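Colleague: I am new to this structure and would like to go through it with you. Could you put it up?
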Amino acid sequence: MTTSLFFSPATALLAGALALLFTTGIARKAVLLAFPLLALVLVWQVPTGSVTANYLGYALIPIRADDLALLFGAVFALAAFLGTLYALDRSSTLELTSALVYAAGALGVVYAGDWITLFVWWEVMAIASTIIVVCGGEKAHGPAFRYALIHFLGGVLLMAGIAGEIAMSGSATITSLKPDSWARWLILAGLLVNVGAPPFWAWVSDAYPASSWSGMVFLSVFTTKTAVYVLMRAFPGVEVLVWVGLVMAIYGIVYAALENDIRRLLAFAIVSQMGIKVAGVGIGTPLALNGVAAHSAAAVIYTALLVMVAGSVLRQTGKTRLNELSGLADAMPLTAFACMIGALAIAAFPLTSGFVSKSMIIEAAAKEHLAGAWILLMAVSAGAVLHAGLRLPWLLFFGAPKERLHVSDPPQAMRIAMALAAVLCVVVGIVPDGLYVLLPHPVAYVPYTASHILVQIQLLAFAALVVYLMRDWLQPQRGITLDLDWLYRRLGAWIARGFDDITDRGWTRLVSNLNGKAARLHELLLAYHGPTGTFGRTWPTGTMAFWTTFLLGAFLLIAAMG
Amino acid sequence: MSAITAQLPGLQVVVPLLGAIIAAFMRRGTLAWAWATLITAFTPIIAFALLFQVWSNGPISYHMGGWPPPIGIEYRVDLLNAFVLVLVSLVSTIMMPYARRSVAHEIDGDKQAWFYAMYLLCLAGLLGIAITGDAFNAFVFLEISSLSTYVMIAMGRDRRALVASYQYLILGTIGATFYVIGVGLLYLVTGSLNFADIAARLGEASAAFPRPVLAGLAFLFVGISLKLALFPLHLWLPNAYAYAPSFATAFLAATATKVAVYLFLRIAFSIYGVALDLKALPVSTVLYPLSIAAMFIASILAVYEQNLKRMLAYSSVAQIGYITLGIALMNQAGLTGGIVHLFNHALIKGALFLALGAVMYRAGTVKLDDLGGIGRTMPLTFAAFVLAGMSLMGVPGTAGFISKYYLIVGALDAGKWPVAFLIVASSLIALLYIGRAVEVAYFRPVSKAVAHAKDPPLMMLVPMLALTFASVYFGIDTELSAGVASRIAELLIGGLK
Amino acid sequence: MRDTRKTSPTLMKTLAGKDLRKLGLLVLAVLVLLDLAVAHHGYFGIDGTFGFAAWFGALSCFALILLALAVGSILRAPEGTYDD
């Protein structure tokens with residue numbers, strides 16, 4: 001059994017990260033492609049069941065394999081492969097090594113059967129992904145720092161929750177929980193930080209666009225999706241998640257509709273999409289959970305595809321602002337085509353992977369007669385046209401070119417990666433059964449009924465009509481939209497600066513005071529004559545003597561009372 | 001062989017003590033360093049031999065000069081002090097190779113030999129406190145270690161070192177005086193200075209003279225609290241650590257406060273706890289708020305500190321808060337957490353201060369604003385800083401996590417879940433101050449001061465990396481740290497009345 | 001400018017053409033009329049009615065745009081807002 005620890009998909013990727021440090025040229029490219037593929041093969045080799053180990057007297061389960069783990073494991077390994085293929089000629093070894101470690105962390109979380117193991121991999125992901133953000137260059141340092149802080153905060157919440165949960169239940173095994181103790185609320189909060197839930201959702205749109213053209217592909221895949229995976233395992237059917245998810249979904253659309261930067265627009269679209277999945281976890285019926293699993297799998301690929309498109313545009317033109325980009329379709333036809341496929345998939349158009357997965361979540365809401373949730377999910381579905389579903393491809397690739405750009409489609413490896421991802425989006429859309437057999441619960445759902453198809457096309461077509469009619473109001477404009485990160489980027493800074501001023505002044509006074517005393521002491525020692533009575537009178541010493549006496553008094557007083 | 005084995009407890013102190021005297025007669029710094037290194041290297045061998053003896057055969061009683069207690073001085077080694085002896089001697093030995101260049105860089109040539117003499121004297125004093133079974137003898141060793149510490153601090157290059165040393169001298173003397181008053185009160189009511197003897201007679205004495213016994217505890221408590229820098233008696237520590245020579249800071253941070261904590265445990269658990277009901281005494285009541293205040297206030301002070309050495313010094317005050325919190329919990333897991341943190345924190349702070357010493361050696365400053373981009377010019381040094389810093393925060397898989405884990409379990413066992421929450425919350429502050437250093441080191445452009453800095457020579461690098469490795473390693477293999485600590489906690493709690 | 005016009009893409013022209021706009025309207029009309037042929041099984045009553053998805057899609061998209069414009073009018077800020 002322990003052999004499966006060494007030959008797990010996660011260790012394969014870690015080995016790849018190590019190998020990457022020692023290879024160059026062709027060998028490096030071979031490593032980049034081979035190890036994610038090896039991980040993909042190994043996903044199918046993980047024996048169903050658990051591997052246990054001992055740490056601090058707790059039975060750990062480093063590997064627990066079941067259907068859900070298989071699905072996420074396979075999708076993550078596949079996404080890692082697409083990412084490395086896309087990044088094949090990226091020169092930053094640090095970024096790519098971190099990317100493989102990051103993917104290994106995600107796979108580690110997928111197979112973790114207990115909270116302690118999960119937490120270790122969770123932190124591995126946090127660190128590796130921070131490094132990926134850092135590799136975005138000088139301008140990424142601020143966002144990377146904020147990213148790290150938010151994720152360590154999430155980690156601390158999670159750790160506190162896990163410690164409490166273990167102390168209360170005595171077991172570290174990950175099971176389905178109800179949030180009925182402070183420890184479980186803390187675990188839930190820690191997971192929600194990573195999923196992009198309020199009040200910390202701004203990290204997604206802050207950090208992801210700051211990464212490099214290749215880095216964002218990896219980032220968009222793992223952190224949020226692993227978090228939703230753990231939510232599915234630990235908190236299915238927790239009602240508050242429905243509303244948290246819907247708020248995220250609407251926030252993502254609204255902010256994306258206003259956004260000028262294509263990669264930040266995609267970051268908002270990711271939050272919106274995550275919101276739909278979180279709401280699905282909150283609904284919690286087998287159909288909803290199937291939908292979440294399927295939608296996560298589909299979203300990994302189509303989000304990665306759209307991010308690859310944005311990365312290609314960034315790499316080929318050096319620009320990401322919509323008001324500076326337009327009409328790229330003729331210069332970059334393949335990229336434009338890939339973008340269209342990705343847009344159709346994220347908008348859940350029939351014959352794409354988005355359609356066969358998202359509809360399950362909406363259907364689940366309807367079956368449970370959650371009218372409010374259902375109406376909002378439908379509205380959010382239509383709203384996809386406001387971000388990557390229509391607005392992005394339209395503004396980016398069609399319309400008159402703003403200026404003549406001598407650009408072309410990106411290099412071969414990137415084109416192949418985009419093509420593969422696009423093919424996957426369509427194949428899954430046409431043959432959904434290939435995805436459905438991997439879902440955790442038996443699937444009775446039939447996506448392709450005349451009614452489903454027609455409803456979805458009507459919804460999107462008329463939403464698109466509104467976008468077309470209101471196109472003048474939706475022109476991209478320079479600027480940013482203030483978000484909740486204002487609280488810690490502005491308000492916090494103001495408070496900290498005020499604090500700094502106070503402590504600075506205090507410290508300056510202390511130092512000058514001490515310096516004065518030192519000078520006087522020096523004189524005293526040198527000349528044997530000096531101001532009398534200086535001994536023992538420097539005020540910090542006096543303060544300390546006071547505290548000493550105070551503590552003695554307090555101790556005696558308490559003793560006398562006791 | 002067995003003759004030497006029987007003399008081991010005596011040799012533990014005598015070897016560095018004599019070594020110090022010989023070092024004082026040396027003139028060349030390098031020679032004194034080599035001598036001090038040799039002497040230091042003997043001490044962990046003796047300490048480990050003692051630990052193994054104690055582990056297999058139980059406590060050792062050694063009569064100094066052949067005089068039986070209570071008339072003569074008894075050295076008594078049980079698991080608790082064998083553990084402390086191993087910690088102090090081992091960390092010192094690991095650090096010694098580092099000393100040569102760092103000391104040569106920061107102290108004038110003619111004073112270096114003197115510094116090593118003081119260092120050996122301090123080491124002898126600390127080992128003496130840890131090994132002796134006699135209350136007054138402990139006071140003597142306390143003074144030996146303190147006096148040599150004042151001299152070491154005063155040798156710092158910064159002029160403020162003199163003030164810091166002077167301040168510490170005043171306060172250390174107050175602390176020692178309080179301690180000796182406490183011992184005197186105990187002697188008055190029990191007629192003995194031997195720890196075991198006092199413990200045996202204290203119950204009776206307390207019935208006859210309840211007030212002096214309590215007053216004695218109060219004086220001992222406050223006196224030792226000063227030495228271990230319990231909040232708010234910590235004011236001497238930040239300046240002393242900040243302006244002392246880098247090696248002295250690392251050495252003191254790793255050992256001196258730890259030995260004071262040991263003395264505290266000895267008096268609270270092996271004397272008062274054996275004779276009286278420890279939980280009825282106000283020890284926990286006073287320790288709780290002060291420990292928690294230390295964890296928060298000192299950590300926040302660290303966040304706003306510009307000088308990295310002072311930052312770590314404040315962090316030390318906070319970490320001592322965790323140790324005393326573990327003591328205050330007075331249950332198996334809590335006490336284990338306190339003792340194991342004593343061990344882990346020695347490794348972590350040792351590694352961190354050595355890293356800063358290397359920064360001082362290469363860049364000549366430890367002001368945060370001057371250190372932009374140092375993570376890129378001194379990659380190994382700052383990697384060590386970050387790893388040890390992660391251990392300090394308590395990231396799982398590191399030694400710091402083990403400490404906090406036991407403390408949290410201890411708090412929950414005691415039914416004090418708000419305390420468990422506070423432990424986690426205060427760890428978050430550690431994230432802030434370490435994170436601030438990381439931000440400057442990696443994310444800022446390379447500043448002028450560090451542009452030509454590079455990792456220090458191998459002799460400095462290896463001790464630093466060894467301690468860093470240890471502060472991660474003991475997060476995975478917990479046999480020596482948590483295993484022994486848990487056994488000690490069991491013995492201490494088992495011995496309570 | 002002249003260059004641009006010469007190499008002006010055909011794809012774009014087609015998409016921007018007037019015929020396409022008419023075709024689009026026709027498609028929309030057909031989509032709604034198809035509701036007569038396809039049986040919907042709603043869960044809430046309203047969702048099975050004629051043209052529901054069409055007007056709901058348009059209305060919700062309109063509402064989201066209004067929300068976005070409202071948010072934008074309050075929270076839009078220049079790009080360098082956080083730079084010091």
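Colleague: Which helix of chain A holds A:V109?
Modeller: In this predicted model, A:V109 lies in helix α5, residues 93–111 of chain A. Helices (H or I, at least four residues) and strands (E, at least two) are DSSP runs, numbered from the N terminus. Residues are numbered from 1 along each chain as its sequence is written, and chains are lettered from A, with ligands numbered from 1, in the order in which they are written. Local features need pLDDT of at least 70, side-chain atom pairs count only at pLDDT 80 or more, and totals for chains, interfaces and linings use all residues.

Colleague: Is A:V109 buried or exposed?
Modeller: A:V109 is buried because 28 other C-beta atoms lie within 10 Å. The cut-offs are 20 or more such atoms within 10 Å for buried, 12 or fewer for exposed, and partly exposed in between, with C-beta atoms placed from the backbone.

Colleague: What does A:V109 touch?
Modeller: Leaving out residues up to four places away in sequence, A:V109 touches A:L118, A:W121, A:W122, A:T226 and A:V230. Contact requires C-beta atoms, placed from the backbone, within 7 Å. The C-alpha atoms of A:V109 and A:A227 are separated by 9.1 Å, although these residues are 118 apart along the chain.

Colleague: And chain A as a whole, how many helices and strands are there?
Modeller: Chain A has 22 helices and 3 strands. Of its 562 residues, 58% are buried.

Colleague: Changing topic, how many residues of chain B are in contact with chain A?
Modeller: 43 residues of chain B contact 41 residues of chain A. On the chain B side, α17(B) gives the most, with 9 residues. By class, that side has 33 nonpolar, 7 polar and 3 charged residues. Here Ala, Val, Leu, Ile, Met, Phe, Trp, Tyr, Cys and Pro count as nonpolar, Asp, Glu, Lys and Arg as charged, and the others, Gly among them, as polar.

Colleague: What is the mean pLDDT of chain A?
Modeller: The mean for chain A is 88, and 91% of its residues reach 70 or more; pLDDT is the predictor's confidence in each residue, from 0 to 100. Over residues 525–539 of chain A, pLDDT stays under 50.

Colleague: How should such a stretch be read?
Modeller: Where pLDDT is low, the predicted coordinates should not be read in detail.

Colleague: Where is confidence lowest in chain C?
Modeller: In chain C, confidence is lowest in helix α1 (residues 2–6), at a mean of 43, and highest in helix α4 (residues 52–75), at 93.

Terms used. Contact = placed C-beta atoms within 7 Å.
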